[in-house]
Each structure stands twice: as C-alpha cells, then as structure tokens.
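Here are my notes after a look through this one. Have it open on screen while you read.

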Amino acid sequence: MATPTSSFFLLPLFFVFVFLLPGNDAVFDVVKFGAKADGSADSARSFLKAWSYACNSWSPATVYVPAGKFLVTQVVFRGPCKNSMIKFLIQGTLVAPSGSGGSDQWIAFSGVDGVSISGGGTIDGGGSRLWACKLAGRSCPRGTSSLTFVNSKNIAVDGLTSIDSKLFHIVVLRCQNVKLSRVNIVASGNSPNTDGIHVQMSTAVDILQANIRTGDDCISVGPGTAHLWIERVFCGPGHGISIGSLGRAQGLQEESVRNVTVKTVTFSGTQNGVRIKTWGTRIQGQVRGVVFEDALMRNVQNPIIIDQNYCPGNKGCPGQSSGIKISQVKYKNIRGTSATPVAVTFDCSPSNPCSGITLQDIKLSYYSQRAQSSCKYANGVASGLNVPPSCL
C-alpha cells in the first residue's frame, strides 16, 4: 500500500478532520478520512491518512475507529513520529480481505515509540478458508499474521480481540517495553499455525490477563527473548505455552532465551501445558532462568514437558543431539489432571543435558491414578510433595 504523498502533509489545518479531547489531544477519525464503516470498500488508505496526521502531530494524538466493520488490506504504520503518545481507539471491527495477501503481515507497526491500542475493538483475520486449504494438504500460501509490532518500543495493547487469524494473531519482534493486557484471542482448535502471541528478539514484554483459544501455541517464545512476564492467562484449546521451537534457524548460533516467568495460568484440554522445545540440530544456544509457577492443568496431554527432539509430524527430523543448553528452570505448584499417563517429561539433549531443574509441590493425576514422570539427560532437585514422584 502506497503511503500518502508529501503534499498531503502541507494541507492547511482547516482541511484536517480533527477534534480535540479534554487535555487537547487531537483525534483523527478514520471515517472523516473516507473509511467505510459498512465494509463496502477498502479503508486502508483512510487509516494511513489518519495515521499520518497523528504521527506528525507535536502533541498527543488519537486515531479513532468508531463502531462498524472496516475492510482493511495490508497497512503498515511507520515511525518515527514527532510525538511518543499516539493512541489507537478501536471500537469497531477491522476485517481482513479473503485472500492471503503478498506479505506475512496484515496490520503492522514498524519503528514506532509510544503507541497504545484500546477501545475494546476486534480484528478479524478471516482465516477459515486458508485453514481448510492447509488441512486438506493442498499447496497453500503461508498466510499473514494479524497484528505485528516490529523494531518498536513502549507499546501497550489493552482489551483488544483478535479472531480467526490466518497465521499468528499478535507478533512482537525486536521490540522493547511492551504490555499486552486483557487480550482475547479466538480461533478454531484445528486452525494450523495460529499462535496466539509470539514474542521474539524482544525484551521487557508483559502479557497479563489474556484469554487465548486457538489451534497452535497460545503463547510462543522465540530466540532472543529476555525479561518476559506472563501472568493470569487462560489457554485452551491450543498447544500450550511454549519456549521454542529453537535450533532450527540457519547458522551455528541462536540468540538465547532468558529470564522468563509464567505464573497463575490455566490450561484446559491443551496438547501441552508448559513446554520448552528444541530441534535436534547442532545449532548452539541457551534457555536459562525460567520459572513456571501456579499452573492449573485440566485434561492436558503433556502438562510439563521439555522436548529436545522436537519434530512435528516426524517429517524432516534432523536426528542429531540438540546444541541448545537448558538450565535453571523451576516448576512450582503445578497441579491438575493429565490426559496421558506420563505427566512430566524431560527429554533433554545427550550432549547438553538439562541442568538446574527444580520441581516443587507438583500434583498431577491421570484419571484418578498416579501419573508417571520420565527423564532423559536431566539433572536437578525436587522438594515438597511431588506427584508423580520426581525422576530427576
């Protein structure tokens, strides 16, 4: 999508569709710039025009999306901007076009500082047709992620709903100081590659009070992530909260994952609970300083799992010893039910055994029976009451 020409910025102020909120915040209503609230035409250019004025405002500004349905093709809101207080107040629904598009991003913010999204609105990725193509085994496009923040900082998203993304719902890539709160993410339990929130190469990210029901990882953590805090999350259906997969990228070294806390979370009917997964390749890297605390499992297939031989579908498996070193991982007060006999699995690398694993007060049952634990190349300690008994 082409950006507005430079002459657009030279329009006199009286041509700008703007009103002021208390505190003199300028508000730019996308409808006033031509956006169609009935979804009858592409509103992407209108959104970009409103963004241009907000971005070039010397004072705090708001881009306002009122109630209604807005068809929006790919839009990238680019910085840097003249101010670091831009709000997107979304009360309506943004609807993606039915096609997959020519990019892996639908709505993206790039190089921005101080952007917040609120208002209780919805973004609808319209992914069902692409899911059907993938599930049928046909040759299909990869799809587009619904909302992406890249090379940005001081980002806040509150109260947003994302439904039926074609690919990942929310992506945080190469960002600093991001807070995602009260987000609601919904897709079919069999929708492929629809991770709820993906964080990679980012630091100081908080995910709070999220409700995530999707067909892949509820939250996935990629390489280069540090100081990630996840709290009060409901996950299910989906594949759980996963660090990784790691070790598949090109090259000999992968950025480490460190200082991750996951606490007060509930998993219901998921494939996994808390998971760390790496491919069996020689690519080197680290996962260290991870805490999983106060988790409730409801009929979860793999409540606690480290899988260093990750290979979905057993296709193209490298079959090597993972070069990712996992250390200093703590599991505390994890309880509930496992859908399989083995509730705790540590399948670690023979060349880089897991170390510093801590189990404290684990209580997991399998259909009212005692569940089992399984350890390979894992070292650590257990304390408190642990059911199943620790295999460390």
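The points below go through the cavities, one arginine and the aromatic pairs.

1. First, the ground rules. This is a predicted model, where local features need pLDDT of at least 70, side-chain atom pairs count only at pLDDT 80 or more, and totals for chains, interfaces and linings use all residues. Numbering runs from 1 along each chain as its sequence is written, and side-chain values use heavy atoms, with hydrogens and water left out.

2. On to the cavities: searching the whole structure turns up 2 of 30 Å³ or more. A cavity here is a set of points, on a 1 Å grid over the protein atoms alone, where a 1.4 Å probe fits but cannot get out; lining residues have an atom within 4 Å of a point. Points are joined across faces, edges and corners, and the volume is the space filled by probe spheres set on them.

3. The largest cavity comes out at about 90 Å³. Its lining has 13 residues, and F88, I90, L94, I107 and F109 are the closest to the centre. At least two lining residues come from each of strand 6 (75-78), strand 7 (86-90) and strand 9 (105-110); strands are DSSP runs of E, at least two residues, numbered from the N terminus. By class the lining is 13 nonpolar, with no polar and no charged residues (nonpolar is Ala, Val, Leu, Ile, Met, Phe, Trp, Tyr, Cys and Pro; charged is Asp, Glu, Lys and Arg; the others, Gly among them, are polar).

4. The second largest cavity has about 30 Å³. V344, L359, I362, S373, N386, P388, P389 and S390 line it, which by class gives 5 nonpolar, 3 polar and no charged residues.

5. Have a look at R288, in strand 25 (residues 285-300). Its relative accessibility is 32%, so R288 counts as partly exposed (buried is under 20%, exposed over 50%, partly exposed in between, with a 1.4 Å probe and protein chains only). The C-alpha atoms of R288 and Q328 are 5.3 Å apart, though 40 residues separate them along the chain.

6. Now the rings: there are 14 aromatic pairs in the whole structure (Phe, Tyr or Trp six-membered ring centres within 6.5 Å; planes under 30 degrees apart are stacked, over 60 edge-to-face, the rest tilted). F292 and Y331 are stacked, at 5.3 Å centre to centre and 25 degrees between the planes.

7. Finally, W51, F77, F88, F109 and F149 are linked into a cluster by ring pairs.

How values were computed
On a 1 Å grid over the protein atoms alone, a cavity is a set of points where a 1.4 Å probe fits but cannot get out, and a pocket is an open set with protein on both sides within 12 Å along at least five of seven lines; lining residues have an atom within 4 Å of a point. Helices (H or I, at least four residues) and strands (E, at least two) are DSSP runs, numbered from the N terminus.
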